[in-house]
Amino acid sequence: MNPLTNVRNIQNLNKQELERGVPFVQSWHQQYKESAWIFIGGLDYDLTEGDIICLFSQYGEVANINL
């Protein structure tokens with residue numbers, strides 16, 4: 001799936017939860033509240049996995065990369 005499509009799907013899910021008044025303990029956010037997953041787009045296609053790890057490891061441990 002295109003990463004931007006996935007972002008839109010998550011935004012729609014968030015909107016639906018707000019409209020329905022879903023409590024936090026039942027929200028999908030509860031499952032990932034301790035997670036530090038981020039989406040980073042717009043990187044140069046010439047970057048290698050090692051380049052990305054080197055760049056972002058200064059902010060914390062890079063646990064997973066999906067190129």
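Ser27 is buried, its relative accessible area being 7%. The coordinates come from a predicted model, in which the mean pLDDT of the chain is 87 and 99% of its residues reach 70 or more.

**Confidence**

- Within the chain, confidence is lowest in α2, where the mean is 84, and highest in α3, where the value is 92.
- Where pLDDT is low, predicted coordinates should not be read in detail.

- Ser27 sits in the loop that lies between α1, spanning 3-20, and α2, spanning 28-31.
- With a relative accessible area of 7%, Ser27 counts as buried because this value is under 20%.
- A polar contact of 2.7 Å joins the side chain of Ser27 to the side chain of Glu17.
- When residues up to four places away in sequence are not counted, Ser27 touches Glu17 and Val22.

**The largest pocket**

- The largest pocket holds about 1,500 Å³ of space, and of the 31 residues that line this pocket, those closest to its centre are Trp37, Ile38, Phe39, Ile40 and Asn66.
- Both α1 and α3, the latter covering 49-56, supply at least two residues each to the lining of the largest pocket, and the largest share of that lining, 4 residues, comes from α1.
- By residue class, the lining of the largest pocket divides into 21 nonpolar, 8 polar and 2 charged residues.

**Asn9 in α1**

- Asn9 belongs to helix α1 and is partly exposed, with a relative accessible area of 36%.

**Gln31 in α2**

- Gln31 is placed in helix α2, the helix in which the confidence of the chain is lowest, at a mean of 84.
- Gln31 is classed as exposed because its relative accessible area of 61% is over 50%.
- Between the C-alpha atoms of Gln31 and Val62, which are 31 residues apart along the chain, the separation is 20 Å.

**Val62 after α3**

- Val62 lies in the segment that follows α3, and its relative accessibility of 28% makes this residue partly exposed.
- From C-alpha to C-alpha, Val62 and Ile52 are 8.9 Å apart in space, while in sequence they are 10 residues apart.
- Once neighbours within four places in sequence are left aside, Val62 is in contact with Ile53, Phe56 and Ser57.

How values were computed. Residues numbered from 1 in each chain as written. Predicted model: local features only at pLDDT ≥ 70, side-chain atom pairs only at ≥ 80, totals over all residues. Heavy atoms only, no water. Buried < 20%, exposed > 50% of the residue type's maximum accessible area, 1.4 Å probe, protein only. Polar contact = N/O pair within 3.5 Å; in protein donor to acceptor, adjacent residues only side chain to side chain. Contact = heavy atoms within 4.5 Å. 1 Å grid on protein atoms, 1.4 Å probe; cavity = no way out; pocket = protein on both sides within 12 Å on 5 of 7 lines; lining within 4 Å. Points joined across faces, edges and corners; volume = space filled by probe spheres on them. Nonpolar A, V, L, I, M, F, W, Y, C, P; charged D, E, K, R; others polar. pLDDT = per-residue confidence, 0-100.
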